[in-house]
Amino acid sequence: MYLLRKSREREILLHVDEAQRSSGKDQHIAPLLDNFEDDREPNLEFFVMPLMRSYYALPFEAVSEVLDFYNQLLEVRSMLPSPTFS
């Protein structure tokens, strides 16, 4: 993935990654493995994240995956600051 070096998304990604590393808590995001700049494109920064699943894979292969998915959704929903977000 690549982002502009002066983008808000880049700041958020780096902040959440640092918070996840320092706290040891799962933030429900893919870990950031590496980031680097391209000499040819000084405005871009590339981020390396693990491949979580194949693009062509079925969304869920087992009931436990469905349950885990909904548990994570409810956990994240409970952490949201505004009840108007749904």
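## Exercises on a predicted chain

Of the 86 residues of the chain, 13% count as buried, where buried means under 20% relative accessible area, exposed over 50%, and partly exposed in between (1.4 Å probe, protein chains only). The model is predicted, so that local features need pLDDT of at least 70 and side-chain atom pairs count only at pLDDT 80 or more, while totals for chains, interfaces and linings use all residues. Residues are numbered from 1 along each chain as its sequence is written, and side-chain values use heavy atoms, with hydrogens and water left out.

**Exercise 1.** Check the span of helix H1 (residues 8-23), and then find its buried residues.

*Solution.* The expected span is 1.5 Å times one less than the number of residues, so the 16 residues of H1 should span 22 Å, which agrees with end C-alpha atoms 22 Å apart. Next, the buried residues of H1 are Arg10, Leu13, Asp17 and Gln20. Because they cover an arc of only 105 degrees around the axis, they lie on the same side of H1, the arc being that of the directions from the helix axis to the C-beta atoms. Finally, the face turned away from this buried side carries the exposed residues Arg8, His15 and Ser22.

Definitions and conventions. Helix = DSSP H or I, 4+ residues; strand = E, 2+ residues; numbered from the N terminus.
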